[in-house]
Amino acid sequence: MMTELRIDETNLRLDLLLSKLRAEHSRAYWQKAIERGEVLIDGKKVRASYRVSIGEILSIAEAEPTNLEIEPEDIPLDILFEDSDIIAINKPRGMTVHPADGISSGTLVNALLFHCRDLSGINGVMRPGIVHRLDKDTSGVMVAAKNDRAHVNLAKQIGSKSARKIYLAIVHGRISENAGIINGAIGRSKTDRKKMAITSDGKSATTEFRVLERFAEFSFVECRLLTGRTHQIRVHLTGIGHPLVGDPKYGTRRNEFPIEGQALHSSELTLTHPTTGELMKFKALLPNDMQNILRRLRAELVENNRELSSTFMMI
């Protein structure tokens, strides 16, 4: 089965174009697909370095749907916006985005299939409508596509970073800087293949952060992604000595708060509507588990300041 798209870029390498349009796969993945003849330009096989032109027809071989069927499930969704093209939701912490090996139910896809029925088919039977993802234990704003045209448009925005994401995180340690930029190439860890790490041969990655509140031993920060690498915020903040509270994979310190997974929340997503061209901003309130942590930290800060003031008065 071939999916055909009309190219609206010029003088861009084919492998780069594909990694923008289909950000769910890496550039290396697309280079191999091009070499195998699974990607054609105007019906002809070309090299990954081929420079595309506006109006050319891009054909991509899609895997035929398997017999595996993902069942719709009546799982409540926190819907932020919905129309005939897109649906924006606030994903709860603990929900897996799409089925995978050993996981066939309880995912966001199961819930979307029950609610929508009309999701894009570009990502196949396992990930219908899914343009981008959040880790299972990260909460917050996600957008899904209801048709292939919207999917391609949104994937392009996600891949080019014209769609802007803001995250909120609670981390260990008192960050001294008010704001900063973390640059560190991210690749697969050499010691644990299930983890990512800052490596010399990884893909370039940049995260901006701003401290919103400081506490005795913790900080509440806002992060903006200038690139989109796997586990980027978790890896970068751990790399500067401030791992996320509750992070089961990258955290190195005991979690003393009642939270299942890392204290990371996708709070805001800004994008252009694929049909109307309207600039849209979706926001999701901080979940209760992170709000409870902040309430406790603020109360402790007030109490510590009160005790400090009392000490000074006695002196």
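User: How many aromatic pairs does the count come to here?
Analyst: The count comes to three aromatic pairs. Keep in mind that this is a predicted model.

User: OK, take Tyr-29 and Trp-30. What kind of pair are they?
Analyst: Edge-to-face. Their ring centres sit 5.1 Å apart with the planes at 85 degrees, and planes over 60 degrees apart get that label, so the pair is edge-to-face.

User: And Trp-30, buried or exposed?
Analyst: Trp-30 is buried, with a relative accessible area of 3%. Tyr-29 is partly exposed, at 34%.

User: Give me another of the pairs. How are Phe-218 and Phe-257 arranged?
Analyst: Phe-218 and Phe-257 are also an aromatic pair, edge-to-face, with 5.2 Å from centre to centre and 70 degrees between the planes.

User: Where do those two sit in the chain?
Analyst: Phe-218 is in strand E13 (residues 218-225), while Phe-257 is in the loop between helix H5 (232-239) and strand E14 (264-272). They are 39 residues apart, so to speak a link between distant parts of the chain.

User: Are they buried or exposed?
Analyst: Phe-218 and Phe-257 are both buried.

User: Switching to helices. How do H1 and H2 cross?
Analyst: H1 covers residues 14-21 and H2 covers residues 27-35. Their axes come within 9 Å and cross at roughly 125 degrees. That angle makes H1 oblique to H2.

User: Which hand is the crossing?
Analyst: Right-handed, as H1 passes H2.

User: Which residues meet there?
Analyst: From H1 you have Leu-14, Asp-15, Leu-16, Leu-18 and Ser-19. On the H2 side they meet Arg-27, Trp-30, Gln-31 and Ile-34. The residues of this contact divide into five nonpolar, two polar and two charged.

User: Now H5. What about His-236, buried or exposed?
Analyst: His-236 is in helix H5, and at 0% relative accessibility it counts as buried, because the cut-off for that is under 20%.

User: What is His-236 in contact with, beyond its sequence neighbours?
Analyst: Leaving out anything within four places in sequence, His-236 is in contact with Ile-182, Asn-183, Gly-184, Ile-186, Ile-198, Ala-205, Thr-206 and Thr-207.

User: Where are they?
Analyst: Lys-161 is in the loop between helix H4 (148-160) and strand E8 (164-172). His-231 is in the loop between E13 and H5.

User: Buried or exposed, those two?
Analyst: Lys-161 is partly exposed, with a relative accessible area of 32%, whereas His-231 is buried at 15%.

User: Last one, Gly-94. Where is it?
Analyst: Gly-94 is in the loop between strand E6 (86-91) and helix H3 (108-115). Gly-94 is partly exposed, with a relative accessible area of 39%.

User: How far apart are Gly-94 and Asp-137?
Analyst: They are 43 residues apart in sequence, and 4.8 Å apart in space from C-alpha to C-alpha.

Key. Residues numbered from 1 in each chain as written. Predicted model: local features only at pLDDT ≥ 70, side-chain atom pairs only at ≥ 80, totals over all residues. Heavy atoms only, no water. Axes fitted to C-alpha atoms, helices over the stretch in contact; angles between N-to-C directions. Helix = DSSP H or I, 4+ residues; strand = E, 2+ residues; numbered from the N terminus. Parallel < 35°, antiparallel > 145°, perpendicular 65-115°, else oblique. Left-handed = near helix turned anticlockwise from the far one by under 90°. Contact = heavy atoms within 4.5 Å. Nonpolar A, V, L, I, M, F, W, Y, C, P; charged D, E, K, R; others polar. Phe/Tyr/Trp six-rings, centres within 6.5 Å; stacked < 30°, edge-to-face > 60°. Buried < 20%, exposed > 50% of the residue type's maximum accessible area, 1.4 Å probe, protein only.
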